[in-house]
Amino acid sequence: MNKNAIFITLVLWMIAISFSFTQNDSNSIYLNNYLNKLKQFEKSEEHLFSVINNLPDIETERAKAEIKNEILKCRLKYKGLDFWLRYLDPLAQKKINGPLPVEWETEVFEKYEKPYKREGAGFTLAWQYLDEDKIEKATLISLIQQSLDATIAFESDSVTKQLQTYHHFYLCNRLYLLNLATIYTSGFDCPDKESIIPELKAMLVEVGNIYSTFNQHFPATPLPQKYLSLYEDAKLFVSAQPEEDYNSFNHFSFIRDYVNPLFAINQQLIKEYKVMSKSLVDYTLNKQATSIFSKNLYTGQDSKGIFLRVGDTNALAKIDKLGKLLFFDPILSGNNQRSCVSCHKPSHFFTDTNTTTSLQLNYNGFLERNTPTLINAPFNHLLMADGKHFSLHMQAKAVITNPVEMGGTVDKIMEKVLSCDEYKDAFTELLPHTPTEKEISFEHLVSALTLYYSKFSKYNAPFDDAMNKKKEVDKSVVNGFNLFMGKAECATCHFAPFFNGVKPPYVGSEFEVLGTPSDKEYKELSVDKGRFKINPAKETLNAFRTGTIRNAAQTKPYMHNGVFNTMSEVIDFYDGGGGAGRGLKVDNQTLSSDSLHLSSQEKLDLIAFITSLNEIIPLEKYPGKVPKSSHKELNKRKVGGEY
Amino acid sequence: MNTNSNMNKIVIITFIMAAIAIANCTTKNQVKKTNDYSSLANIKTPKKKLIEINYNLPDDSLSMNDSAKKEFVKSFNKGQIVYNLICAKCHNKIVNGLEVVPDFSLPQLMDYEIRIQYPIHQERLSPENLSATELDDVVNYLRYKKKSGVHF
């Protein structure tokens, strides 16, 4: 009986295998489109290869121009594939057209591990290499060879397998639309500005072609006509933009009228077609978001901590109330005179706009860095100017126990907090909500704090309302945004919607070396080594995490050391090419040291745009009193602390 | 081309059904998978049963100092609670009337990727429902718990 069964299974296997071979021979029109484009792209890479190889001297201007011309052709071919490649294998994609020679990994899944180095390759780097004083054929060839190797990797079964179902398509498309609103129009991975618009046009056409083969092969889950006709309009809009003058591209209309509405439809389709992700690329993106300019677009940080799974609104309200009390209570500090609110003032958008850097504990001088606002902190990937902390909880614990900040110790704080009946009873009542904990822990306190202050990050700014077509904004705001995305080059580091260093798919933090001075006269570079302290490397010296420009108009002073006091000082700093542009020695500056040539009106427009990112946040009132302790001397402490 | 692929599908489905039927005849019906959630309402959560030592120390435990061992045990115990809370319902098996936590292989315990590997995981193991540290704890628990001899 058993032998028979095995025999039948074997026969059936053979039938199945023979059928699977016949299927491979007749790929779908959609998959063939992918493979053909890949083949054509490989051919153009090989051609570029032979051009470089056959040139006797690559250092002549004529040779360089010829190579650049071939690079442009390759990149144009590549743009027809970017839709897929960026999603299907982001690491291999960076070898084809990555923007940086060296990247230190800080992605979600790696942030708990020691940072490690990834070297880039591909066209952008080859292009930049050609502009260097001394160039060698071997280096150039290696950059292109790596790009070709990475391209071939995209033919593997593990990649093409994903193209057999419709799921990947809507996720590729989501990333594509997010990139249309962030990097494709800003020159992020295209160093030659004149190519940005032509490449964008080519890309829109190629993706339109991907759409039609997709609809042919997956008729049960198609892109609807509504989407396709809006996409056609977007193509018309872009083709009507002047090609020769990149600076006049209307980013504002492009994103508001086309990209964002297309994103909304795609999100709807992801839900409707029950699209499933098998990629870590989608880790933080939220299926429920209906606009790129909405606060639920992605999850940057978990604010609930130990209370993660608490859904009960009553319990959440209790945690919030406790968080508020603790936030204003100097009981968390070593000297019972400082609280969170000492530096994060509600009336100052949860920072302190009066001081360059805050006082140390016990008035022993000042801290090294400017106080960051807590508003939108949950949308960071790593926290602090040097990215030292992975989570809000880690950050809060570090400040409370830092000897020069709040100077508390965990045991002492627990003892003091639990000496107040109000705290003790409320946290005890919440214990059943945290089954992994047997008793009230420091974790409970910190989680209440982060849950409390994170709620102030949910509000929108007038610019969001404009992008969501709820309100109009001034012409100067529109001009300012177009400058931000274009001529002023801000958007190559500050990505929508938070205009911080977290770019789609929102799973990593970027750091930049700007050459921030220690003083306004640019006498010397700030002594703060920044990211180098956490991850010592040539590239990380003086590098700082790119912060948000939301609420910037309300959160002076600026830069890690608070050296600038007005937005125009900051814009002048960038316009002058950062520290290197002012003659400071910054060998690894990532900001161009050339001037941006911004006019005074353009600077005012930029400020108008940044000001339109002021969020409308209700003012938080101080609690009337702090909980009573059984230690009499503790009851002298003041709400909010003393300094 | 379409009818051809439909034919293929029919053949493959027939094959799978046959294979399942054969597999069912040949395997002994010893281990029953508990998919019926209603019978799981009375799972005992081991709230206060954590004193008994139910873990193997990692292979490199000789080089672990006391505080590292303490951290390990803490993570292990937390992992056990979170497992019972979130995972046990689908993964525990009933063997001879007793509920057993199955043994997972190392490739099955792949940390972050567990979150997205299966549709049900995307919902249940979302970052909103299971934090990164808790996921580490669960993996620690499943990796170092004493073997039950029942494979997942």
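Mentor: Helix axes are lines fitted to C-alpha atoms over the stretch in contact, and angles run from 0 to 180 degrees between N-to-C directions. This is a predicted model, in which local features need pLDDT of at least 70 and side-chain atom pairs count only at pLDDT 80 or more, while totals for chains, interfaces and linings use all residues. Residues are numbered from 1 along each chain as its sequence is written, and chains are lettered from A in the order in which they are written.

Trainee: At what angle do helix α2 and helix α5 of chain B pack?
Mentor: Helix α2 (residues 66–91) and helix α5 (residues 132–144) of chain B pack at about 100°, and their axes are 7 Å apart. Because 65 to 115 degrees counts as roughly perpendicular, α2(B) is roughly perpendicular to α5(B).

Trainee: Which residues of α2(B) and α5(B) make the contact?
Mentor: Among them are B:F76, B:V82 and B:Y83 of α2(B), along with B:V138, B:Y141 and B:L142 of α5(B), where contact means C-beta atoms, placed from the backbone, within 7 Å. By class, the residues of this contact are 8 nonpolar, 4 polar and 4 charged, with Ala, Val, Leu, Ile, Met, Phe, Trp, Tyr, Cys and Pro counted as nonpolar, Asp, Glu, Lys and Arg as charged, and the others, Gly among them, as polar.

Trainee: And how many helices and strands are in chain B?
Mentor: Chain B has 5 helices and 3 strands, taken as DSSP runs (H or I of at least four residues for helices, E of at least two for strands) numbered from the N terminus. Along the sequence they follow the pattern α-β-α-β-β-α-α-α.

Trainee: Switching to chain A, what domains does the assignment give?
Mentor: It gives domain 1 (27–282), domain 2 (305–459 + 628–636) and domain 3 (463–611), with bounds from an automatic or database domain assignment. The C-alpha centres of domain 2 and domain 3 of chain A lie 29 Å apart, and 19 residues of domain 2 are in contact with 24 residues of domain 3.

Trainee: What classes of residue are on the domain 2 side of chain A that touches domain 3?
Mentor: That side of domain 2 of chain A has 5 nonpolar, 10 polar and 4 charged residues.

Trainee: Last topic: what does A:F484 touch?
Mentor: Leaving aside neighbours within four places in sequence, A:F484 is in contact with A:C490, A:A491, A:L606 and A:F609.

Key. Two residues are in contact if their C-beta atoms, placed from the backbone, lie within 7 Å. Angles under 35 degrees count as roughly parallel, over 145 as roughly antiparallel, 65 to 115 as roughly perpendicular and the rest as oblique.
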